[in-house]
There are 2 protein chains.
Amino acid sequence: MKRLLKGADILAWEKDDFVCLKNGYLGIDGDRIDYIGAEPPREAYDETKDMTGKLLLPGLINGHTHTGMSLLRGLGSDLPLQNWLFDTIFPVEDRLTDEDLRIGMELSLLEMLASGTTSFTDMYMSPGYTAQSVLDAGMKANLCRPLQSFDPSEDPMTCRRMQEMLALYDRWNGAGDGRITVDFSIHAEYTCTERMVRAAAEEAQKRGAGMHIHLSETAAEQQNCIDKYGLTPAQWFDKLGAFSGRAYAAHCVWLTPEDRALLKARSVVPIHCPESNLKLGSGVADVPAMVREGLTVALGTDGAASNNNLNMFEEMHLAALLHKGVQHDPTALPIGEVLKMATVNGAKLQGRTDTGVLAVGKKADVIAVDMDRPHLTPGIDPLSNLLYSAQAADVVLTMADGRILYENGEFLTLDRERILFEARQAGRRLLP
Amino acid sequence: MKRLLKGADILAWEKDDFVCLKNGYLGIDGDRIDYIGAEPPREAYDETKDMTGKLLLPGLINGHTHTGMSLLRGLGSDLPLQNWLFDTIFPVEDRLTDEDLRIGMELSLLEMLASGTTSFTDMYMSPGYTAQSVLDAGMKANLCRPLQSFDPSEDPMTCRRMQEMLALYDRWNGAGDGRITVDFSIHAEYTCTERMVRAAAEEAQKRGAGMHIHLSETAAEQQNCIDKYGLTPAQWFDKLGAFSGRAYAAHCVWLTPEDRALLKARSVVPIHCPESNLKLGSGVADVPAMVREGLTVALGTDGAASNNNLNMFEEMHLAALLHKGVQHDPTALPIGEVLKMATVNGAKLQGRTDTGVLAVGKKADVIAVDMDRPHLTPGIDPLSNLLYSAQAADVVLTMADGRILYENGEFLTLDRERILFEARQAGRRLLP
């Protein structure tokens, strides 16, 4: 099927940057973009969709989340980190069933589709059927089964988590015409033995899989690692081989300048999670320095228990504002860089070369933002409107691989009422 | 007319704090709340409105904005402050006609109603017919004609701005059954002579009117004032009598501890504008210290040219997150305090004792947020959901003085299409 979107402003990708094409045409052949232009295409299309007044941009890519935690949204707000984690989150997580994980995933998929996210990188106890939920929803995801180990005598290859990780990889990597990618993951330096990190790095490399970690989120994590190993977490992970392949690291709040240079040398992608870092009191990552020094930086929401949503518009908005304020420099981080973090850089993190931008030949992962709203009027500057003025609810169309998944409040692949009902039931069961 | 809202969760006000009443009843008689309870009222109501699944809270009060600037939304994004102001904003402001001011005001009213704001404090060149627009929209506002003077020989009482200020006061103060309040205003220390401040303070006091100023927004403003007068801006304003009556001060980013003590002693209300302060690179006000020391703090968006919207949900969200992150303390500013800033404290700033909270006898300034959304599910904690997870588009009802002004996307007092058309025309005319 060939579908033509006409009349919208298009944030197309040319020469490594966004350009805004006014009142343009975007043609889709099956799952790929086959035309972008200011003039109508010569070829015929089966269907033409009038998108006047809309802004088209690439589907957003959430670089770091924990989908299952959406069931825990709002739990333990404003508590100190240790109380939040140990007294409220962990005890409830211990009670999560496989069914809860599926419900949490589906609740997250609803929210992501309605807010323009087409692809995400998850770190949670992802059994196979959450991958099936992603496929059924029509979305894309990099999934993993995060590894932890506190016992140096534990054999990394025979432990339950590694077995689950390998089974997830074997069964689901590449599923859905590549919509599912399975990566490896070490939860964090402070939850893992050297032996386990080495084994995970080796297994990931054997398969050409990515490596998803938490890195330097808190000052305590950074300092404790230095005290324990004489190395920063980044140096420790590097020494153990975790950065040898495609690797990406959430948070990176407390990186030293040397850590940044190391990440750049190893092409590790830091994932900025400003909202979670603020809410938990972790601090503010020096993203302007990362960008200045040439690192590829992605953007993520973290889990809904520390955010408390999966709204990439808020994350972009915050990333665009925060660094200007704390560095007392309104030029600290240009909005074009922020939009790259939420799109093309996320695709790089995920090892996907066929998405993240609107260009001919790329997969048709496209969202439409309705600019006919009071808070987006007058439309002087589309990029500024998108990054500073828009809200997630301005998204009126979400499409992945050329398939419309969400349009004007309607979910075309997910049963909204069933999922919300199940999520409320699960919430009541989990939180007495 | 007596109207009963039933089935909603209600953020009522008891003993100086919010309490959440589940599935409650809120009765309205004319323009006032006459019942709040968990049980149905005994009295009969003319109309019952089912609000199941909604959260009722007081209409939000935007403590500081410049409504006319909404026409300049998106102009000069990411420029250094001086270039932004002198090269882009001021030249366009010079071209604003009276008609533009009305259009900018009406555009702002649309946005505020759709995002749950019922009352606002404006600082702009407000001629009378912008007051008429507020009245026609059914909203509430504290308006002023900000005074400036650079020439010590200028007679404060005969200059054009003072004449306009006095005329505005005489014609509009108290209009619409008190919905319009006219306050006095000095734009800022760096734009005014001592003579003008003394005169304005005297005129305000004579009338019992409030005083609206910009205070200690940037480091340069603070330092230049000290260099010039040997006083901080707060000390300078105080010396000249500006804090003798009801006074409120936008920004307060660079207050010293002594300034905070002075503001507390004079009952001056600081208005926190986190989004604008970040975007322009001004810095982060120490709001946790203000709250700890017992100041009444309000919340504002500033103008849409430095925000870039009038979305109080974003402002609450940011205030709730920002201080936790920069002070590395997740308990730095509890969300209940943030909601007070956007409601009851805003009412104090405006000198309105009959609004800002949901309680029997208060004006029925009420908004409803639809909690039946994926990103608000499961509904573990209504306050946390409201402050961390909700977006402005979740507002489905906005009511002031018992009159419904906005419901489910429809504006009942404003002509959305006419205003957006005029705003786009004005935008094209102003920005060649």
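Mentor: The buried residues of α3(B) pack against α2, β8 (140-143), α4 (160-172), β9 (180-182) and β17 (403-407) of chain B. Helices are DSSP runs of H or I with at least four residues, strands are runs of E with at least two, and both are numbered from the N terminus. This is a predicted model: local features need pLDDT of at least 70, side-chain atom pairs count only at pLDDT 80 or more, and totals for chains, interfaces and linings use all residues. Residues are numbered from 1 along each chain as its sequence is written, and chains are lettered from A and ligands numbered from 1 in the order in which they are written.

Trainee: Which residues of helix α3 of chain B are buried?

Mentor: T130(B), A131(B), S133(B), V134(B) and A137(B), in a helix that covers residues 128-137. Buried means 20 or more other C-beta atoms within 10 Å of the residue's own; exposed means 12 or fewer, partly exposed is in between, and C-beta atoms are placed from the backbone.

Trainee: Where do they sit around the axis?

Mentor: They cover an arc of only 155°, so they are on the same side of α3(B). The arc is that of the directions from the helix axis to the C-beta atoms. Just after α3(B), G138(B) has a positive phi of about 90°.

Trainee: What about α6 of chain B, which residues are buried there?

Mentor: E221(B), Q222(B) and C225(B), in a helix of residues 219-229. These buried residues fall within an arc of 100° seen down the axis of α6(B), so they line one face of the helix. Q223(B) and D227(B) are exposed on the other side of α6(B).

Trainee: Why do residues three or four places apart point the same way?

Mentor: An α-helix has 3.6 residues a turn, so such residues point the same way.

Trainee: And what do the buried residues of α6(B) pack against?

Mentor: They pack against α7 (233-239) of chain B. Just after α6(B), G230(B) takes a positive phi of about 70°.

Trainee: New topic. Where is N173(B)?

Mentor: In the loop between α4 and β9 of chain B. N173(B) is partly exposed, with 18 other C-beta atoms within 10 Å. Beyond neighbours within four places in sequence, N173(B) contacts I180(B), T181(B) and V182(B). Contact means C-beta atoms, placed from the backbone, within 7 Å.

Trainee: Over to chain A. Is A298(A) buried or exposed?

Mentor: A298(A) counts as buried, because 28 other C-beta atoms lie within 10 Å. It is in strand β14 (residues 298-299) of chain A. A298(A) and T343(A) are 45 residues apart in sequence, yet 8.0 Å apart in space, C-alpha to C-alpha. Outside four places in sequence, the contacts of A298(A) include Y248(A), V269(A), I271(A) and M341(A).

Trainee: And what does F411(A) touch?

Mentor: L110(A), L113(A), Y406(A) and R416(A), leaving aside neighbours within four places in sequence. F411(A) is in strand β18 (residues 410-411) of chain A. With 19 C-beta neighbours inside 10 Å, F411(A) is partly exposed.

Trainee: Which residues touch the most other members of the largest nonpolar core?

Mentor: L56(A), L358(A), L56(B) and L358(B), in a core of 292 residues. It draws at least three residues from each of domain 1 (2-58 + 364-411) and domain 2 (60-349) of chain B. Those bounds come from an automatic or database domain assignment. A nonpolar core is a set of buried Ala, Val, Leu, Ile, Met, Phe, Trp, Tyr and Cys residues joined through C-beta atoms within 7 Å. Beyond four places in sequence, L358(B) has contacts that include W13(B), L56(B) and V366(B).

Trainee: Last thing, the two chains. What rotation superposes chain B on chain A?

Mentor: One of 180°, with 0.0 Å of shift along its axis and an RMSD of 0.0 Å. The two copies are therefore related as by a two-fold rotation axis. In chain B, A393(B) has the C-alpha nearest the axis, 3.1 Å from it. The superposition is by least squares on C-alpha atoms of residues with pLDDT of at least 70 in both copies.

Terms used. Two residues are in contact if their C-beta atoms, placed from the backbone, lie within 7 Å.
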